Amino acid sequence: MLRAMAATDHPPRVHDDWYVLAESSELRARPLARALYDTPIVLFRDARGVAHALLDRCPHRNVPLSLGAVRGPELECAYHGWRFDGGGTCQAVPGLCRAAAHPGRRVPSFATREADGFVWVYGVADEAPARAPYPLPLASDARYVTVRQQLTMPGSVHAVAENALDVPHTAFVHRGLFRGTGEPSTIEVIVERDATSAVAEYVGEARPGGLLGRVLGPGGGVVRHFDRFILPSVAQVEYALGEHTHLVATTLLTPVSDYETRLYGVFAARFPFAAPWVARAVKPLAMRVLRQDVAILGAQTAAVRRFGGERYASTEIDVLGPHIDKLLRRAAAGARDVSPASHRVTMRA
Amino acid sequence: MLRAMAATDHPPRVHDDWYVLAESSELRARPLARALYDTPIVLFRDARGVAHALLDRCPHRNVPLSLGAVRGPELECAYHGWRFDGGGTCQAVPGLCRAAAHPGRRVPSFATREADGFVWVYGVADEAPARAPYPLPLASDARYVTVRQQLTMPGSVHAVAENALDVPHTAFVHRGLFRGTGEPSTIEVIVERDATSAVAEYVGEARPGGLLGRVLGPGGGVVRHFDRFILPSVAQVEYALGEHTHLVATTLLTPVSDYETRLYGVFAARFPFAAPWVARAVKPLAMRVLRQDVAILGAQTAAVRRFGGERYASTEIDVLGPHIDKLLRRAAAGARDVSPASHRVTMRA
Amino acid sequence: MLRAMAATDHPPRVHDDWYVLAESSELRARPLARALYDTPIVLFRDARGVAHALLDRCPHRNVPLSLGAVRGPELECAYHGWRFDGGGTCQAVPGLCRAAAHPGRRVPSFATREADGFVWVYGVADEAPARAPYPLPLASDARYVTVRQQLTMPGSVHAVAENALDVPHTAFVHRGLFRGTGEPSTIEVIVERDATSAVAEYVGEARPGGLLGRVLGPGGGVVRHFDRFILPSVAQVEYALGEHTHLVATTLLTPVSDYETRLYGVFAARFPFAAPWVARAVKPLAMRVLRQDVAILGAQTAAVRRFGGERYASTEIDVLGPHIDKLLRRAAAGARDVSPASHRVTMRA
């Protein structure tokens, strides 16, 4: 299998879905300036604790509302004090003797929900969401240790998601950490795609080699490994080693712009032993892996921009990348009708 | 009253009028590099003391003439020594055995006048001015203390002029300095517009509150307050408190580029007492006000550029902004035929 | 003679010819990232010592190949380890169980030759060169001292080549170093142009004045002086003073982008005496001259870009500039058919 993705001016943009714009704990008294596909969005939490998202531009003189302050149920602009409620309606124009509310003074507002410790925002303003945010697995399972991490990655959602789910690069970019230390063996990958997701299951994989493998899977045993992409931007790696070790690394990706992606990572793990020291041991290794990925994604993204767009050649061992591309392109075109597909690939890893 | 200004690629550009490009005291032996709507212009003062303005590009190899030197009546290019007189005619090509003057070697030149301590330049090259520069009031009245100040402001001429003349923002951007400390009262504003200017007169306004008010108007009394915009770019605030206190703050705005405006400010004041200590007391307050305006204009301008143009909603208490916009747009289209208008507005301030 | 070069979006680009992308001594075990007219090119030297040039983008995920490593005869990508030979064929895809070579995985490759201590690359990928690289004169003549120098100059190939060959600017940009110290005399210049080059011969020129002249030509005598431009980008100054002093300064110009040119200079000199101290004496003067030229070219180039293109007026003492322009424009249009021309010019210098 070889396919070249079409070079385009910009990566596919999926607007009609939910993205994480902040962790719930970040959104406090002060409004937060965020962006989604380069559209500035202000988040604020009203006096009752409810989170809201508005276009980050005052309709009066275009000053960002994120420079303002929360006043009870409303967000006040820093320039002339116009106040807007969570629905974007103008509720006060200081100095004006008439009523403030007027259709021409509305700010576009985005549906907002808090779930699993994140503030989710629907990417189309003034529109009822067509679906629900992704329900984070294991978020409230007390048997699991959970670690969260945020990071800005250079690259499109496709580039960052594929990087998170790609096996072959680990032997080069992360040489000595995951793979690349022993002789490669042949493993089989079952790839399944439906209208909104793609999953790769690795069959007969050996316990990961390298230092990280020895730390994470000290007991050896049968490995079950799934890599998943779920629209619009969830990349998930699940490992089970034997019966008692279970790791699920979920990255929720937010396209700040076409080529800059904010990664909200949740790492949930269950071990056959007390876990605190594992978290401490894994953290520096995980950060090293992330830094290596940031570096290679930065180089990739700079080249993509310089050449005017992504122009990829893939082989059959790029097991998820082309599926992610197809799902994103169809969703960007407003359709979630990609036909189911299933195939098996042999890979040396 | 609500109106949305049309979003455009760029703010209106009024070329056929006079702009200040320097204070007279700045233009000495060395040429000065300036810009008007992004067009580079070189100012030089010839050996007889006369100021000239040329396009800042040598016709020979395009080096900026502002890198050169004044030689008697001419400006000499730094690259090959070509010399140009104030009218832009090439008077010398070193090394050339023939005559230097030639139509293809002319530099476009701009009408230049010095008045009231400023070097004024007409914005269309090689054209006889259609009008005269704005005559600065009180510039030579010995009863007035005069202070001058230059500053680059982010924002279009419209944004900077409106900011200079706008009352409602003072309670938010300059909270505690002008207004916003006491209970607001209702005041009446009479707005008059003719073909080239717009004036707002505030009727029955109380002595300004806050610290600045106490410094400027210690005696109280009847307040007369006018805010004026005069084409192409004069913003003027006039206050009279009683019979003996009179303040006129005139800002002459020069569009360096669409979204960067050089402000040449002249503050003329007459007090019922000796004024030197007032100037010393007011200066730090004035600078604080300017810094606050620079900050909010910077945020506004960044958002305007990010969204691709100004898209404003106005209310009736934006008493001058929409008139300034109308005057500028008509003038940018080459017409100064805006019909006279007059209306009254009630405002709480 | 006066002519205005047409203003265009960009300077003429001559792709179908050879350019120096590195000195041979620079290309060692690590690949080098270079650019030609903004196209990224990676140079690498394989295990047998042969230099190669490929488009600096992996066809797989677009990471620059210059971040990779040389493995025997191949260049390995840093992301997934794909390997390419000097012809651009993919020879390995780690993990893939099938053959790696496939037309869709090729990298465009550029003809590469090493000669006279330089790595030359032909500017059109996957094409047999239409001609040979410029043979550097005196490169292997033991009677000559040779000094090499690299420098990035702001400016197009035209601007940098003309600057290197232009006489009149020396009295202004390099005042006191070359000329401008004594009374100018009238000299005659014979200009000859053929389909691929233009030469100016200076007849009856006095020994150069200034400090540099006294160092270079202590004995005086008859001066012979030629300035040459040879397509695509060779600028050469040749001086002979009497029978025993002979200087040839050749600059090989590489358009990194439209307005940034890498200069590879070779200065070859023969003197009637031992030369080492001359090289030491000349070096700081030469560097001072180059810094002055970098400064003036930088100012010129910034103005050219700001105004949207070169728009030049020339006189007859711009003896080579218009010819260089004509040669470059015809070559950029794919033709090397400029008709021969010859004329004489009188210049005061």
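Author: Two strands pair if DSSP finds at least two bridges between them. A strand is a DSSP run of E with at least two residues, and strands are numbered from the N terminus. The model is predicted: local features need pLDDT of at least 70, side-chain atom pairs count only at pLDDT 80 or more, and totals for chains, interfaces and linings use all residues. Residues are numbered from 1 along each chain as its sequence is written, while chains are lettered from A and ligands numbered from 1 in the order in which they are written.

Start in chain A. Here three strands make an open sheet, ordered E2-E12-E11, with antiparallel pairing. Strand E2 (18-23) and strand E11 (112-115) of chain A are at the edges. Each has a single partner strand, so one side of each lacks a neighbour in the sheet. On average, neighbouring strands of this sheet are turned by 30° against each other, direction ignored. The angle is taken between axes, which are lines fitted to C-alpha atoms.

Now the pairing itself. E11(A) is joined to strand E12 (residues 118-122) of chain A by four bridges. The two run antiparallel. Within this pair, Phe118(A) in E12(A) is opposite Ala115(A).

Four strands form an open sheet in the order E5-E6-E7-E8 (chain C). The pairing is antiparallel. Strand E5 (69-71) and strand E8 (90-92) of chain C are its edge strands, each pairing on one side only. Strand E7 (residues 83-84) of chain C meets E8(C) over two bridges, in the antiparallel sense. Arg83(C) has Ala92(C) as its bridge partner in E8(C).

Next, the relation between chains. Chain A superposes on chain B by a rotation of 120° with 0.0 Å of shift along its axis (RMSD 0.0 Å). That is the relation of a three-fold axis. For chain C on chain A, the rotation is 120° with 0.1 Å of shift along its axis (RMSD 0.0 Å).

Last, the interfaces. A contact puts the C-beta atoms of two residues, placed from the backbone, within 7 Å. By that rule, 21 residues of chain A are in contact with 24 residues of chain B. The side of chain A that touches chain B has 11 nonpolar, seven polar and three charged residues. Nonpolar means Ala, Val, Leu, Ile, Met, Phe, Trp, Tyr, Cys and Pro; charged means Asp, Glu, Lys and Arg; the others, Gly among them, are polar. Between chains C and A, 21 residues of chain C are in contact with 24 residues of chain A.

Methods
Copies are superposed by least squares on the C-alpha atoms of residues with pLDDT of at least 70 in both. Axes are lines fitted to C-alpha atoms, for helices over the stretch in contact, and angles run from 0 to 180 degrees between N-to-C directions.
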